[in-house]
Amino acid sequence: MKEIGPKTEVIETIFVLSKDKELIGTADLRDILISDEDKKLVEIMNDNIISVNPEEDQEKVSLLVSKYDLKAIPVINHKNSLLGIITVDDIIDVIVEEQTEDILMMGGVSKEERVGSSLITSVKKRLPWLFINLGTAFLAAFTVGLFEDVISQVVALAAAMPIVAGMGGNAGTQTLSLVIRSIALGEVSLKKNWKLVFKEVGLGVINGAATGVITGIILYMKYDNPYLGIIIFAAMIGNLVIAGFFGFLIPLLLKGLGIDPALASAIFLTTATDVFGFFLFLGLAKMFLPFLL
């Protein structure tokens with residue numbers, strides 16, 4: 001220990017090699033120090049080795065280190081020979097880098113861009129995503145356009161529409177953030193956890209009813225029409241259910257297709273909550289139109 005200590009980055013974990021230089025186990029320094037002096041290393045070591053190969057994605061390596069509380073993780077080749085180790089301080093840098101990348105991607109910003117980036121660089125990185133958002137905005141506008149005759153007869157609907165769409169977007173973002181974070185930590189997958197979508201649907205019903213009651217009462221008091229309150233109540237429940245459903249499934253489906261969920265989930269979610277929210281609210285208004293006039 002005295003010989004290798006000054007030139008070795010980590011000595012808390014000892015990596016045990018065979019005569020053929022194959023990694024066969026690890027031993028904790030504490031276990032070595034408290035063991036009897038006549039004990040052999042093979043009796044102390046743990047042969048259940050958590051290791052990675054050189055081609056492994058750095059995010060997966062960080063998940064392994066976090067999951068098993070490792071101070072260092074060995075890197076081995078196909079012959080099980082020890083090539084080196086990755087220490088926990090390196091993993092912390094990776095975690096910070098990956099989290100920063102996810103946060104930027106959720107905002108439609110490239111990980112290469114910085115606050116001090118040139119104007120041309122920022123335009124190139126941001127404008128393509130704004131064009132995509134513009135396309136989804138036209139889709140929502142087209143949905144609203146289908147009900148122009150209804151809105152022209154009941155102007156109050158125009159004031160209430162942003163409430164339905166905004167609440168759906170906010171609720172969906174809550175679910176989306178939790179799912180993307182869980183995916184990054186390796187805690188959730190579509191195959192194993194798809195039934196959790198029913199929890200998000202139930203949550204949408206409860207939250208939609210709670211916020212819908214308040215919104216319905218306020219609109220009733222403002223416009224003196226109970227049917228407008230009932231419509232906004234039903235639409236709020238429906239759109240928050242939609243938000244929970246798509247907020248849960250979209251990132252998992254994108255992950256299954258090999259697309260980074262942090263990169264594209266928000267666009268699809270916003271489109272779903274806006275289009276379905278407007279269609280649901282204005283569709284109900286059209287059904288109850290005689291009671292709103």
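Where is the place of serine 81 relative to strand S3 and strand S4?

1. Serine 81 sits in the loop between strand S3 (72-76) and strand S4 (82-87), strands (E, at least two residues) and helices (H or I, at least four) being DSSP runs numbered from the N terminus. This is a predicted model, in which local features need pLDDT of at least 70 and side-chain atom pairs count only at pLDDT 80 or more, while totals for chains, interfaces and linings use all residues. Residues are numbered from 1 along each chain as its sequence is written, and side-chain values use heavy atoms, with hydrogens and water left out.

2. Serine 81 counts as buried because its relative accessibility is 18%, where buried means under 20% relative accessible area, exposed over 50% and partly exposed in between (1.4 Å probe, protein chains only). Leaving aside residues up to four places away in sequence, serine 81 touches Lys21, Val75 and Ile76, contact meaning heavy atoms within 4.5 Å.

3. In helix H3 (residues 58-68), Val61, Ser62 and Val65 are buried. Seen down the axis of H3, its buried residues fall within an arc of 100 degrees, so they line one face of the helix; the arc is that of the directions from the helix axis to the C-beta atoms. Lys60 and Lys67, on the other side of H3, are exposed.

4. The axes of helix H9 (residues 196-223) and helix H10 (residues 226-256) come within 6 Å and cross at roughly 155 degrees, and H9 and H10 are therefore roughly antiparallel to each other. Axes here are lines fitted to C-alpha atoms, for helices over the stretch in contact, with angles running from 0 to 180 degrees between N-to-C directions; angles under 35 degrees count as roughly parallel, over 145 as roughly antiparallel, 65 to 115 as roughly perpendicular and the rest as oblique.
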